[in-house]
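Please find below a short briefing on the model shown here. It is arranged by topic for quick reference.

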Amino acid sequence: MKFFIDTANLDQIREAQELGVLDGVTTNPSLMAKEGITGQNNILKHYVDICNIVDGDVSAEVIATDFDGIVKEGEALADLHPQIVVKVPMIKEGVKAIKYFSDHGIKTNCTLVFSSGQALLAAKAGATYMSPFIGRLDDISSDGLELIADIREIYDNYGFETQILAASVRHTMHVIECAHIGADVMTGPLSSITGLLKHPLTDIGLDKFLADYRKGNQ
Ligand code: E4P
């Protein structure tokens, strides 16, 4: 299972990278705005800065919503750095663009997926990654994890190579449940990764080991 971090914050990306378990980064226009990154040149530079911190794939989202615009913007993003994955929304023009990118060897992440039908379309178009937003489904009393399980079954039925990227992950249990179901990737905040470290018995056990060592080595 790949771990991506869902942020444009360079300090958090560095922290996750230094932990040694980070496989990539996802961003979106809201996350860029949250970090105060505005203006096309600054945004493009920020993507390159992220690529220079991590070893894996970095999703950069297009703003255009028409086929020609998505293709033009996506090609420019892909030219920025070999680690860039073009993030394209699940809309009609987006599906056409994903097919175009797939035919031209450009990696894609189909974003804003909320149903199995959309996931099927993304795979048919040849998306590299497909991102169901599980937290946002949970927010409206739908079961985000059930969607991941449905898509897993559908993709396995036909051997689709599109990777299921569980997105809008909010906490550690989302991560663990996605691992049970067999999501290929999860993307979430730093806390959803570092939270996996925590167990009180680990802390109590370590304190005891260290105290016993000190007693015997004074
Ligand atoms: C994924 O690529 C999206 O950027 C992200 O996971 C959305 O998460 P949110 O619902 O917490 O905004």
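Both Phe-4 and Tyr-129 are buried (buried means under 20% relative accessible area, exposed over 50%, and partly exposed in between, with a 1.4 Å probe and protein chains only). This is a predicted model, in which local features need pLDDT of at least 70, side-chain atom pairs count only at pLDDT 80 or more, and totals for chains, interfaces and linings use all residues. Residues are numbered from 1 along each chain as its sequence is written, and side-chain values use heavy atoms, leaving out hydrogens and water.

**Overall architecture**

- The protein chain comprises eleven helices and eight strands (DSSP runs numbered from the N terminus: helices are H or I with at least four residues, strands E with at least two).
- Taken along the principal axes, the C-alpha atoms of the protein chain fill a box of roughly 70 × 40 × 30 Å.
- Of the 218 residues in the protein chain, 47% are buried.

**Aromatic pairs**

- Six aromatic pairs are present in the structure (ring centres of Phe, Tyr or the six-membered ring of Trp within 6.5 Å; planes under 30 degrees apart are stacked, over 60 edge-to-face, the rest tilted).
- One of the pairs is edge-to-face and joins Phe-4 with Tyr-129, with 5.6 Å centre to centre and 70° between the planes.
- This pair links distant parts of the chain, since Phe-4 belongs to strand 1 (residues 2-6) and Tyr-129 to strand 6 (residues 129-132), 125 residues apart.
- Tyr-155 and Phe-160 also form an edge-to-face pair, at 5.6 Å centre to centre and with 70° between the planes.
- Tyr-155 counts as buried because its relative accessibility is 0%, whereas Phe-160 is partly exposed because its relative accessible area is 22%.
- Phe-67, Tyr-100 and Phe-101 are linked into a cluster by ring pairs.
- Phe-101 and Thr-128 are 27 residues apart in sequence, and their C-alpha atoms are 9.9 Å apart in space.

**Ligand site**

- The ligand sits in the largest pocket (more than half of its atoms lie within 2 Å of the pocket's grid points; a pocket is an open set on a 1 Å grid over the protein atoms alone, where a 1.4 Å probe fits, with protein on both sides within 12 Å along at least five of seven lines).
- Surrounding the ligand are Asp-6, Thr-26, Asn-28, Lys-87, Phe-133, Arg-136, Ala-167, Ser-168 and Arg-170 (each with a heavy atom within 4 Å).
- A side-chain N or O atom of Asn-28 is 2.7 Å from an oxygen atom of the ligand.
- Arg-136 places a polar side-chain atom 2.7 Å from an oxygen atom of the ligand.
- The side chain of Arg-170 has an N or O atom 2.9 Å from an oxygen atom of the ligand.
- The protein buries 85% of the 340 Å² that the ligand exposes when taken alone (Shrake-Rupley areas, 1.4 Å probe).

**Ser-168**

- Ser-168 lies in the loop between strand 7 (163-166) and helix 9 (172-181).
- Although Ser-168 is not a glycine, it has a positive phi of about 60°. Most residues other than glycine have a negative phi.
- Ser-168 counts as buried because its relative accessibility is 9%.
- A polar atom in the side chain of Ser-168 is 3.1 Å from the backbone nitrogen of Arg-136.
- The side chains of Ser-168 and Arg-170 make a polar contact at 3.2 Å (N or O atoms within 3.5 Å, one able to donate a hydrogen and the other to accept it; residues adjacent in sequence count only through side-chain atoms).
- Ser-168, Arg-136 and Arg-170 are also among the residues that surround the ligand.

**Other local features**

- Leu-112, found in strand 5 (residues 108-113), likewise has a positive phi of about 60° although it is not a glycine.
- Leu-112 is partly exposed because its relative accessible area is 32%.
- Gly-117 lies in helix 6 (residues 116-125) and is partly exposed because its relative accessible area is 43%.
- The C-alpha atoms of Gly-117 and Ile-151 are 8.8 Å apart in space, while the two residues are 34 residues apart in sequence.

Notes
On a 1 Å grid over the protein atoms alone, a cavity is a set of points where a 1.4 Å probe fits but cannot get out, and a pocket is an open set with protein on both sides within 12 Å along at least five of seven lines; lining residues have an atom within 4 Å of a point.
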